Amino acid sequence: MTPVAFLGLGAIGRPMAVRVAARFPLTVWNRTGARATELAAEVGARAAATPREAAQGAAIVITCLPTSAEVEALLDGPDGLLAGLDPGALLVDCTSGDPATSRRIAARLEPLGFGFVDAPVSGGTNGAESGTLTVMVGGEPQLFDRAAPVLAAFGSRIVRMGLVGSGHAMKAVNNALLAVNILAVGEGLAALVKAGVPARTALSVLNASSGRSFVSDTLVPERVLPGAFPKTFKLSLLQKDAGIAAGLLRDTGVSGPVIDLAWRLYGEARAILGEDADYLEAIKVIEQHAGVEIRG
Ligand code: NDP
């Protein structure tokens, strides 16, 4: 059985690690150590005190941190991952990170005999709990083949996107489209409510028409209208993803005013609502600017 280490037991990392523990011998590490010891006791895993200790003896080391910067920072120092990785170990980064940092990490690890793939996920905390995440993998085919059986513990659709960094590129664009859509649906509904059309009436038409989307048919009715903002996915993280996508467009020479604007507007919402706000709370800022409550 492949020994696995999982580092980063946040909102999505924790349920992913629980599913890995059901199939593989698992060691967990988390910056706030109590979360690791509590999870280890719950699922019969080993809790490590440092990233180095977590890496020791693991064939596959999974990271799930806020950004690529935290992943890169975990590599170095006496207690860092590199001090503990076993020969030939494979690092699988499930962070929604940025392609350039991932390519830099991979280039650093390769001459040391370690593999690296980026493997961000989509499907939210519910998808992590039920093992139905989509996993977007960037890396060499033979590394993908090694990672896939472990990724199958929490993913039901595991797709190799291309070389290292391409999983992160895919994830960033997906989430940038989500951000664009939330803002557009929020703006449209605010205007309709001000024009005298109740939000639920507007949605009943939108969702039977060509303006329909996941935001309009699921997220707004199930979360925004009842005022349910469960904070399972932070607004700050979605803004980070839109920024990565905006950077990707710049790097590839694609003019991207729409995604760039979504990143800026989400930045404004982040400054107003704080680091821990739920990603759908951006609609509250639209409501404030418009002087109307869609939810009412
Ligand atoms: P959370 O904010 O809930 O958790 C962040 C995790 O990273 C925690 O374990 C935290 O440790 C750890 N961490 C934060 N800063 C550092 C640091 N400097 N060094 C080491 N560890 C650190 O985030 P999520 O779990 O929601 O997200 C993780 C990644 O997954 C992000 O890239 C996100 O964009 C992505 N993602 C999230 C989804 C979701 O629905 N939540 C869906 C799809 C992707 P501590 O416990 O000590 O705070």
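Which residues in H1 meet which residues in H2? The legends below take up this contact and several other close-up views of a predicted model.

**Figure 1. The contact of helix H1 with helix H2.**
In this view, Arg14, Ala17, Val18 and Ala21 are the residues in H1 that meet Glu38, Leu39, Glu42 and Val43 in H2. Sorted by class, the residues of this contact are five nonpolar and three charged, with no polar residue among them. Helix H1 covers residues 13-21 and helix H2 covers residues 33-43, and their axes come within 10 Å while crossing at roughly 35 degrees. The crossing in which H1 passes H2 is right-handed.

**Figure 2. The protein as a whole, as a setting for the close-up views.**
The secondary structure of the protein is made up of 13 helices and nine strands. Its radius of gyration is 20 Å, which is close to the 19 Å that the globule rule gives for 296 residues, and therefore the protein is as compact as a globular protein of that length. Taken along the principal axes, the box that the C-alpha atoms fill is roughly 65 × 45 × 35 Å.

**Figure 3. The crossing of helix H8 with helix H11.**
Two packed helices are described by the angle between their axes and the distance between the axes. For helix H8 (residues 166-194) and helix H11 (residues 235-251), the axes come within 8 Å and cross at roughly 115 degrees, and H8 passes H11 in a left-handed crossing. On the side of H8, the contact is made by Ala169, Ala172, Val173, Asn175, Ala176, Leu178, Ala179 and Ile182, while H11 brings Leu238, Asp241, Ala242, Ile244, Ala245 and Leu248. Twelve nonpolar residues, one polar residue and one charged residue form this contact of H8 with H11.

**Figure 4. The packing of helix H8 with helix H13.**
Helix H8 also packs with helix H13, which covers residues 282-290, at an angle of about 35 degrees and with the axes 9 Å apart. The crossing of H8 and H13 is right-handed. From H8, the residues in contact are Ile182, Leu183, Gly186, Glu187, Ala190 and Lys194, and from H13 they are Ala282, Ile283, Ile286 and Ala290. By class, this contact of H8 with H13 has seven nonpolar, one polar and two charged residues.

**Figure 5. The second largest pocket and its lining.**
The second largest pocket holds about 220 Å³ of space, and of the 16 residues that line this pocket, Ala106, Glu110, Phe116, Glu140 and Leu143 are the closest to its centre. At least two residues of the lining are supplied by each of helix H5 (99-109), strand S6 (115-118) and helix H7 (141-151), and the largest share, three residues, comes from H7. When the lining of the second largest pocket is sorted by class, it has eight nonpolar, five polar and three charged residues.

Definitions and conventions: Residues numbered from 1 in each chain as written. Predicted model: local features only at pLDDT ≥ 70, side-chain atom pairs only at ≥ 80, totals over all residues. Heavy atoms only, no water. Axes fitted to C-alpha atoms, helices over the stretch in contact; angles between N-to-C directions. Helix = DSSP H or I, 4+ residues; strand = E, 2+ residues; numbered from the N terminus. Left-handed = near helix turned anticlockwise from the far one by under 90°. Contact = heavy atoms within 4.5 Å. Nonpolar A, V, L, I, M, F, W, Y, C, P; charged D, E, K, R; others polar. 1 Å grid on protein atoms, 1.4 Å probe; cavity = no way out; pocket = protein on both sides within 12 Å on 5 of 7 lines; lining within 4 Å. Points joined across faces, edges and corners; volume = space filled by probe spheres on them. Rg over C-alpha atoms; globule rule 2.2 N^0.38 Å.
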